[in-house]
Amino acid sequence: MGKKKNDILQGTLALLILKTLACGKRMHGYAITGYIQRVSAQSLRVEEGSLYPALHRMEQDGWVRAEWGKTEKNRDARFYSLTARGRKQLMQEKESWRRFTAGVARVIRYA
Amino acid sequence: MRPSRLQRDLERELAYHLTERIDELQESGMTQAQAARVARRQFGNFSTQLERTRDMNINVWLEAIVRNLRFGVRALTKTPAFTVTVVLTLALGIGANSAVFSAIYAVLLRPLPFPDAGELVTLAQSQPTIPDPFVAPVRLEEWQRFNSTLQAITGYYSEDASETSGELPEKLKRALVAPRFLQVLGVAPALGRNFTPQEERFGGPNAVLISYRLWQRRFGGSPLAVGRTLRVSAFSYSVVGVMPASFHFPDSDVDLWSPSPPDAPYAQSREATWFTAIGRLKPGTSLAEARTNLAAVQFNLGRQFPKTDANKSVSIVPLKESTVGGIRRSLWLLFGSVSLLLLIACTNIAALLLSRATARQHETSIRFSLGASRGTVTAQLLTEVLILAVAGALVGLFLAAASSQVFRTLAKDLPRVDEIGLNGSIVMYSLACAVAVTLLCGVIPIGLGRTRNLTGTLARGGRAHVSGRNPVQFMMVGIQVALAAILLAGAGLLLRSFEELGHVSAGFDPLHVLTFHISNTWAEAGGKPAKQRTERILDGLRSVPGVEAAATAMSLPGVPSQYEIELKTTEGRAESEPKMLAQGRWVTPEYFAAMHIPILAGQWCRDELNVSTAMINRSFANLFLNGSAAVGRHLVQPSNPNLSPAEIRGIVGDVREMGLDREPPPTVYWCTGAMQPGTFFLLRVPGEPGSLAGTIRRKIHELEPLRSVYDLTPLTAHISDAYAENRLRTILLAFFAVTAIALAGIGLYGTLSYLVHLRRREVALRMALGALRVDVLRQFVDQGLRVAWWGCVAGLPLAAAFARMLSSMLFGVSATDVVTLGRVVFIVLAVSVMASLAPAIRASRFEPMQALREE
């Protein structure tokens, strides 16, 4: 698989997942990819190869909670929801993202 | 369990994702097959996906460990000097610690080498005034019969015997044992059988069990040895069995065991005590229950035999306690000291690691900035320390293995010293030490690393900078100095005690005295023949050219021994006067001449046929009998009515008869000597005592061809061996202390060197501005001295506490001896000056221009 332009920048995937789950709904992995693509107007594409490792790591860190449930089509799926710790983490990630983009913007402006 | 559930979850989850994707693709118009293919391709390799996710849970750890190890080894091989220093320091620290632990483990912790050894106890009959470690055979049999808490009770005593079936008489040590001996110990012969009841009865067949050693030596390990005959001291014994090689009871040099029949006519007196009694508790019976039970048994005996048994009680202690209890304090003392040493080594290494961490700050900062987590960096650091510690522990094990020889050389009479050696437990202990060291050494640099400002370090770009005043490094050097001061003070006090012991005025002259034993059994002891034989041998010895005096004694002066008796005079004394308690000694009249003990009043005693005579020492005369008025009075022992009253012929000078470390006790010398097992022959000779050994052997062979001469030893060697435990702990503690102060010195040297390196620019600048070299020199030496001084200040109160623990082992010096403590301070300061000089001189030799140009 060649590298595509709209692959998600390393390290921002967690921020995107957290934000996606922040609306409060339980979501499965497939829904999360769909949501991110839709909201970003197809400009961001979540690689499945990164999504699931990321989700599991976040579960281990206690940012998200996972449980099995049924989809509308009555299929078994693993649903993720945000924990209190995840919410805190989201604030931090947002903040550092803002700093990062501000920094990059400044560099672009002056360099 | 966990991984498999995780994996199932994962597979289901990914399968679901795939189905949804296929559905979506089908909706956009693909066939089922097409959609499946595309979805799979997009999804990537399904199994790789699985693995990548799963790895995080298990393999991540393993991989990280392997990676850390590899990285650690690489980092350590890049700095070989550092690595070797640390490994050697740790080898010394852990090795010495494991060595002492191996002694503690073998001697104190491990059960005695018998099955269910915890059930074994020693029994003794004690009386209010006179502790008698021995038990009368009749009483032992009664205890056995009437008690309900012990499985069995038995007893033993030993004597030296001559075995004469070979070409030359050979001296063997024989244990005479009461019935049930092997039953109590729970050991069976390796070959042959135990004694039969007939053999344990008086007049039964003579039987003997032999040691594995004797079996190998005499019979070449042949199974035919059983049934052969040995001739021991005029009697023939048939060998009924061979004991296992590991069986060393009661002593490791016992070669023969034979029954001592309790029904023998000579064993019927309730006053005749000779057995050391041991017993085995019934399973689940406590010591207290056995004590209560035996007390009741003895109380009944007291009613039955009021004259002999009313005052007696039974004391019971675990066999292990009576075997090794005496040296427990010394061993724990050594363990404490060697643990302090390990602590110093750790502090030393922590300081080194800290310097290394500072040097590697730049590297660490880069790793942080590249996304390494705090945990990763910590794990990396700990792994490095662990590699060092394990390497140190492995090298240290060689040291520990060699140490058993040291223990055997320094203190061959230490109980269970043969059992000291390397085994799995010691290896485990060493590795546990390594882990403890890792945590201890690693925590300090890591703890400090935590507070460090990363961006600050990166910003400075690794340029040399003065890192403040390094308070942590110097504090750690101070701790090392303080700990070393503790050990130095302890070693100093023990050394002073040892010295004092050598300078003590003992009241006799131990130099140029040769001592030896002549084999002899209890059956031949006592009575006129033994007395005449002794005289004949002594006369023969006197005829050897060079022998100035010849005598016998039951114990040696200057070697701890205790035989307290109560005395009365036939002339009577007022009831109000104190009881006459004194040490009793049995010597032949020339003892005083041979030992150079001066006579103060009266005349020398002679061994006369019909009259008992005695000499008393000055303390006895002054304490009980108004000094010189004592001469001519008669002494009796109330507890031994068979002895006729002995006339006091003279008063001799005080002698340290109970050991060099004890004041001379009031002593009564009975001037009579009939040799028995264990009697010492003493010869005063003009030169080196050992030089006469061959002549003496030939002379005795000529006089008594059926007896063997053994243990030809100068008196000084006996005295020195008696203080072997003392010597052991003194030498080892001194060794630990020297190592400790050396480590502290190295620590100071390392820290100062590092500081000089850091501050070279500043120093160069100052010198360029006109500072004198001597000022620079003094500055750094001062800094070293200041640290050492604070170390001393902190260490001395601790040293005083340590010395208080030692106080029972000190002799002739107080625990707060100012001279010793003064010397400790002096040594510490001297060492720190030496350690500081090299870096200080290096600093003072900086060429200002060169140092500045480096930047």
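# Two chains, questioned

Visitor: In chain A of this predicted model, what share of contacts between residues at least 6 apart in sequence join residues at least 24 apart?
Guide: The count covers contacts in chain A between residues at least 6 apart in sequence. Of these, the share that joins residues at least 24 apart is 51%.

Visitor: In what order do the elements of chain A run from the N terminus on?
Guide: Chain A holds four helices and three strands. Buried residues make up 26% of its 111 residues. From the N terminus on, the order is α-β-α-α-β-β-α.

Visitor: Which elements cover the buried residues of α1(A)?
Guide: Helix α1 of chain A spans residues 13–21, and its buried residues are given as Leu13(A), Leu16(A), Ile17(A), Leu18(A), Thr20(A) and Leu21(A). The cover over these residues includes β1 (27–28), α2, α3, β2 (64–70), β3 (76–82) and α4 (84–110) of chain A.

Visitor: At what angle do α2 and α3 of chain A pack?
Guide: Residues Gly29(A), Ile32(A) and Thr33(A) of α2(A) meet Leu51(A), Tyr52(A) and Leu55(A) of α3(A). By class, this contact has four nonpolar, two polar and no charged residues. The crossing is right-handed. The axes of α2 (residues 29–39) and α3 (residues 48–61) are 11 Å apart, and the angle is about 115 degrees.

Visitor: Which residues is Ala485(B) in contact with, leaving aside neighbours within four places in sequence?
Guide: Once neighbours within four places in sequence are left aside, its contacts are Gly791(B), Cys792(B), Gly795(B), Leu796(B), Ala799(B), Val824(B) and Val828(B).

Visitor: Which element gives the most to the side of domain 2 of chain B that touches domain 4 of chain B?
Guide: The centres of the two domains, taken over C-alpha atoms, are separated by 22 Å. The contact takes 26 residues from domain 2 of chain B and 30 residues from domain 4 of chain B. On the domain 2 side, the elements that give two or more residues are α5 (80–109) and α12 (328–359) of chain B. The one that gives the most, with 17 residues, is α12(B).

Visitor: Is Val338(B) buried or exposed?
Guide: Val338(B) has its place in helix α12 of chain B. Not counting residues up to four places away in sequence, Val338(B) touches Ala96(B), Asn97(B), Val100(B) and Phe736(B). A residue with 20 or more other C-beta atoms within 10 Å counts as buried. Val338(B) has 26 such atoms, so the class is buried.

Visitor: How far apart in space are Thr149(B) and Asp263(B), C-alpha to C-alpha?
Guide: Thr149(B) is in the loop between α6 (137–146) and β3 (150–163) of chain B. With 19 C-beta neighbours inside 10 Å, Thr149(B) is partly exposed. In sequence, Thr149(B) and Asp263(B) are 114 residues apart, and the C-alpha to C-alpha distance in space is 24 Å.

Visitor: Which peptide bond is cis, with omega near 0 degrees?
Guide: Pro250(B) is in the loop between β8 (235–242) and β9 (254–259) of chain B. The cis bond runs to this proline, from Phe249(B) to Pro250(B).

Visitor: Is Asp116(B), a residue with a positive phi, exposed or buried?
Guide: Asp116(B) is not a glycine, yet its phi is about 45 degrees. Its place is the loop between α5 and β1 (120–126) of chain B. Asp116(B) has 12, so its class is exposed.

Notes: Residues are numbered from 1 along each chain as its sequence is written. Chains are lettered from A and ligands numbered from 1 in the order in which they are written. This is a predicted model: local features need pLDDT of at least 70, side-chain atom pairs count only at pLDDT 80 or more; totals for chains, interfaces and linings use all residues. Two residues are in contact if their C-beta atoms, placed from the backbone, lie within 7 Å. Axes are lines fitted to C-alpha atoms, for helices over the stretch in contact, and angles run from 0 to 180 degrees between N-to-C directions. A crossing is left-handed if the near helix is turned anticlockwise from the far one by less than a right angle, and right-handed if clockwise. Ala, Val, Leu, Ile, Met, Phe, Trp, Tyr, Cys and Pro count as nonpolar, Asp, Glu, Lys and Arg as charged, and the others, Gly among them, as polar. Domain bounds come from an automatic or database domain assignment.
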